[in-house]
Amino acid sequence: MAAAEPLVEANSICKSFGSKRVLRSASLACARGEVVLLLGANGAGKSTLLRVMAGLSRADSGSVRRAPGASLGFLSHHLFLYSRLTVEENLALFASVSGAGPEAARAAIECWGLEAFADRAVSDLSRGNQARAGLARAFIGAPHIRLLDEPSGNLDDRGVEALKVAVAAGGDAATVLATHDLHRLSDLATRVVVMRAGEMAYDSGPATSADGIARAISMYRETNR
Amino acid sequence: MRLWLTGLGALIIKELRLEARGKETVTMLFCNAILACALVGVGTSSAFLDKATTTRLYPMLLWILFLLSASASAVRAHEQELEGRGLEGLLLAGASGAQMFLSKLIVMSTLFFAHFLVLALVLGVALDQDAPPTFVAMIGAGLGSSTALASVTVLLSAVAGTSRLRGVLLPLLSLPLLFPVFFCGVEMTSQVVVGGGLDPASPWPLILVCANALYLVLGINLFEAAVRE
């Protein structure tokens, strides 16, 4: 596979819910090693685009392509965990299903600082620890593609540090972070994309410089006015 | 293949754990069974039916109660999948539709079969029936219909799962598909209870096997699409 070839690519995605058009020919590609910060006001279409890219929602038109054999880690507003199972049972389940093995579940518990809560049901955890458990699930088995919707939403600073370590440890993985949390996550980005009303309003291109990030932030603030 | 089976094993353990924590399906199944048997027992006793008549009615009542109570209870089993959208997470993690379907099928079939045995026994007591001369054909019918019923309800739970009317939709959608199972069950049980044993020329066991095969193939192939939709 060539270095610039994207691991995941959405082309001209259109998606409506009833009469409301959420995505209007949105396109986004993420290559190996890229960390794309996907910005946009509420309702801009970030979450829908990530769901379509993850294959959990079907586009009305357009296409999504994933590199053959590339595994996927996805985090959304839903945890995709079983609330009555413990953190350890959940992670062991997802590790087994993804072929990562039981040691991956133990490593995820340590990586996300969940040792003290491993034997507690997910429903009994605080929102912050539920978010960590959701991230631990998304990162289990070191997926090649990580699509993370508001990953720092309920995280404290230590949680964000763990997130940064996990993203950086991915190395060759392709990561898309949809977020409003610029001040804590902008240093992770190698590229910034801004969405507005279901379309791509700005794309800094790969290997974003400090100037590129500053322009993207100013564009993002404009969309939020 | 080993990886696939490991994943299937993990999913079966998940299903058992969820049922053990909530006990909702088991509670509904057995409460329904005992309550319905008590009502039928009181009703037939009030109607002063003689024993020969209740013996002829027993197979039909058994299978009506079994299919109705099991399909009504099955919707509870899917509720926990909706809470955290676990099935979508499993799909993302690489679980196949066949693995998810089979894990649910194995656990639900076991629950339904246990439910059938309890129902057959309690209804027999409620209707003052003697033990049949042979249980083998009845157990075969119970096992075969439990797997068919589980196939249908697991698949249709995924289809109706996100609807607010799922509690109504699931029994309504599943019961027409369960007519062959009902007829097989009634005929095989009648042969055992009234006739004293299964007629070797009876086509019903073969029909039950065919219904099972059909529902199994449908479930394995359609479950993933139903979850994604």
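Val8(A) stands opposite Cys30(A), a residue of strand 2 of chain A. Strands here are DSSP runs of E with at least two residues, helices are runs of H or I with at least four residues, and both are numbered from the N terminus. Welcome to a predicted model, in which local features need pLDDT of at least 70, side-chain atom pairs count only at pLDDT 80 or more, and totals for chains, interfaces and linings use all residues. Residues are numbered from 1 along each chain as its sequence is written, while chains are lettered from A and ligands numbered from 1 in the order in which they are written.

**The hairpin in chain A**
- Strand 1 (residues 6-17) and strand 2 (residues 20-31) of chain A pair in the antiparallel sense over 8 bridges; pairing requires that DSSP finds at least two bridges between two strands.
- These strands of chain A form a hairpin with 2 residues between them, and Gly18(A) in the turn has a positive phi of about 65°.

**Two domains of chain A**
- Chain A is divided into domain 1 (1-70 + 144-225) and domain 2 (78-142), with bounds from an automatic or database domain assignment.
- The C-alpha centres of these two domains of chain A lie 24 Å apart.
- In domain 1 of chain A, 13 residues are in contact with 11 residues of domain 2 (contact: C-beta atoms, placed from the backbone, within 7 Å).
- On the domain 1 side, strand 6 (145-149) and helix 5 (157-169) of chain A each give two or more residues, and helix 5 of chain A gives the most, with 5 residues.

**The nonpolar core**
- The largest nonpolar core has 143 residues, and those with the most contacts inside it are Leu91(A), Ala136(A), Ile140(A) and Leu123(B).
- Such a core is a set of buried Ala, Val, Leu, Ile, Met, Phe, Trp, Tyr and Cys residues joined through C-beta atoms within 7 Å, where buried means that 20 or more other C-beta atoms lie within 10 Å of a residue's own, with C-beta atoms placed from the backbone.
- Helix 5 (residues 97-126) of chain B brings the largest share of this core, 13 residues.
- Both domain 1 and domain 2 of chain A give residues to this core, so it lies between them.
- Leaving aside residues up to four places away in sequence, Ala136(A) touches Leu91(A), Ala108(A), Ile109(A), Cys111(A), Trp112(A) and Leu114(A).

**Where the chains meet**
- Between the chains, 21 residues of chain B are in contact with 21 residues of chain A.
- On the chain B side, helix 1 (2-22), helix 3 (51-84) and helix 4 (86-93) each give two or more residues, and helix 1 of chain B gives the most, with 9 residues.

Key:
Contact = placed C-beta atoms within 7 Å. Buried ≥ 20, exposed ≤ 12 C-beta atoms within 10 Å, placed from the backbone.
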